[in-house]
Amino acid sequence: MTRLLLLAFALSNLAVSKTVNYKWDISWVTAAPDGFSRPVIGINGQWPCPQIDVETGDRLVVEVYNGLGNQSTGLHWHGMFQNGTGYMDGTTGVTQCPIPPGHSLTYDFVIDQVGSYWYHSHNLGQYPDGLWGPLIVHDPKFPYAHEVDGEFTLTLTDWYHQQIPDLLAVYESTKNEAGNSGDEPTPDSALVNGATNTKFKVEPNKTYLVHIICVGNFPGHAFLFNDHNMTVVEVDGVYTQKVEVGNQNVRIATGQRMSVLITTKNDTSKNYAFWDTMDINMMFFDEGRDPPANFNPNVTAWLVYNESAPLPDPPTIYGFNFVDDVNFVPYDLAPVLEPVDHQIIMDVNVGSINGISRFTINNGTYLQQKVPSLYTALSVGDKYSSNPLVYGSVNPFVLKHNEVVEIVVNDYHQNLHPFHLHGHKFQVLERTAPNGGYFTGTYGNFSKTPIRRDTIMVQNGGHMVIRFRADNPDMSSPPVSSYHY
């Protein structure tokens, strides 16, 4: 009888899971999200690119045709573990060659995670030119499901009127170094859901689960729903104990995701602003420069209760008191990983290479490999795959399977930096405030149940300490895990 029950349970699980198919033609389209018309990279002739909605356990199959004509491409599934399917990660130069113009590649993998993710090109600077979209994994066992009446997705990004290849040519030039101190290009505007006038239709006295995804190129974002409280329940696909934001503020870094609950008012007489701002400290003041005249880092969207009522002006914000996401607690209360088997210390800085400022890790720059790292690992065989030298000048770190790995990042640059780890979620043990000092070998009073996520912002003049278990090997024999940020 027990065997029959187990078999029936297994068959019921198979019946619930499904295959979700997409057939995409990636090509240039014309869009004017802030009123300025320019070429952007869209899918099937549309931009913004579509949201993918799946349930945990589903198989996702996306057939991608490169119709760009003048650029190779590929798609990375940001935050997906790809456990056993590392070759589907979509990371050009690491797990695959780019898809040439006129050719196709099918991404095919099972999703065994939950929460908020996104997909984007990992080739050249294509995702700031538009090649990105949300990927939401719905979970029938979501712990706060009984409170939710509806849900919607909200993306935040900086936007540029020039195409990224042109901006990169100027940014990575000796002329920019000499005349502009090597500073990054300045965004022309901020967008919410790929627009400057986005509206979210809501009903009164309802609780909404809002998936917030920062798909930006450079600055982080701070945001709020005017006169509506937010309760954080998920970050980067990890459910959290509830965090009531209250009178504090929330910010999000490039690549990060956050899900919040908001409860609407029992009144339809007026509408309310959603306000977002790009981090002007990160773009300007931390780099010792002033914003250009008339620069606007803000964008407004609206919660629409009543389509006949006016859309209000955004609120006036005089200062910020941010919630520290390092203090979030995972819903499952997973304990801190101990003991540490392998510690890696990364010193992040800027160095001058041939008269151009380049970011460095441990005084080394990243030089694009000619052969994807995964292909190298497979082709050199067991004898050499654990030797970092075979992978080229890509700052490789080779780990043993199932090690507990601790990474310390010291940010010697004068600005903040987001870091994203593929294939895993890491525990965040500590992160200093700006100019909080570098790692000395001793730890602060970190949580015994630290928050997990896959993307974190490191403060300038400070450091962070993260840990993860290397349980997602790129090869089966011997088990080797290679990671990049």
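Reader: What do the side chains of Lys425 and Asp454 meet in?
Author: A salt bridge, with N and O 3.5 Å apart. The term stands for a side-chain nitrogen of Lys or Arg within 4 Å of a carboxyl oxygen of Asp or Glu. This is a predicted model, in which local features need pLDDT of at least 70 and side-chain atom pairs count only at pLDDT 80 or more, while totals for chains, interfaces and linings use all residues. Residues are numbered from 1 along each chain as its sequence is written, and side-chain values use heavy atoms, with hydrogens and water left out.

Reader: Where in the chain are Lys425 and Asp454?
Author: Lys425 is in the loop between strand E24 (417–420) and strand E25 (426–431), and Asp454 is in the loop between strand E26 (452–453) and E27. The pair links distant parts of the chain, 29 residues apart. Helices (H or I, at least four residues) and strands (E, at least two) are DSSP runs, numbered from the N terminus.

Reader: Is Asp454 buried or exposed?
Author: Buried, with a relative accessible area of 0%. Lys425 is buried as well, at 14%. Buried means under 20% relative accessible area, exposed means over 50%, and partly exposed is in between (1.4 Å probe, protein chains only).

Reader: Which residues are linked with Lys425 and Asp454 in a network of salt bridges?
Author: Asp236, Arg257, Asp324, Asp325, Arg431 and Arg453 are in that network along with Lys425 and Asp454.

Reader: And how many salt bridges does the count come to?
Author: 18. One of them joins Arg38 and Asp129, at 2.7 Å from N to O. Arg38 lies in strand E2 (residues 38–43) and Asp129 in the loop between strand E7 (115–120) and strand E8 (132–138), so this pair ties together parts 91 residues apart in sequence. Both residues, Arg38 and Asp129, are buried.

Reader: What does Glu147 form with Lys242?
Author: A salt bridge, the closest N and O atoms being 2.8 Å apart. Glu147 is in the loop between E8 and strand E9 (150–159) and Lys242 is in strand E15 (residues 238–244), so parts 95 residues apart in sequence are tied together. Glu147 is partly exposed at 25% relative accessible area, and Lys242 is partly exposed at 38%.

Reader: Next, helix H5. Which residues are buried there?
Author: Ser373, Leu374, Thr376 and Ala377, in a helix that spans residues 373–380. Seen down the axis of H5, these buried residues fall within an arc of 160° (taken over the directions from the helix axis to the C-beta atoms), so they line one face of the helix. Leu378 and Ser379 are exposed on the other side of H5.

Reader: What follows H5?
Author: Gly381, whose phi is positive, near 85°.

Reader: Sheets now. What order does the open sheet of four strands have?
Author: E3-E8-E7-E5, with mixed pairing. Its edge strands, each pairing on one side only, are strand E3 (52–55) and strand E5 (76–78). Two strands pair if DSSP finds at least two bridges between them.

Reader: In which sense do E5 and E7 pair?
Author: Antiparallel, over three bridges. Tyr119 in E7 is the bridge partner of Trp77.

Reader: And E9 with E10, over how many bridges?
Author: Four, again in the antiparallel sense. In E10, Val192 is the bridge partner of Leu156. From strand E10 (residues 189–192), Ser189 and Leu191 point one way and Ala190 and Val192 the other, and all are buried. In a regular strand the side chains alternate between the two faces of the sheet.

Reader: Last one. Where is the place of Asn460?
Author: In the loop between strand E27 (455–458) and strand E28 (463–469). Asn460 counts as buried, at 7% relative accessibility.

Reader: Which residues does Asn460 touch?
Author: Asp286, Asp411, His413, Gln414, Asn415, Leu416, Pro434 and Asn435, leaving out residues up to four places away in sequence. Contact means heavy atoms within 4.5 Å.
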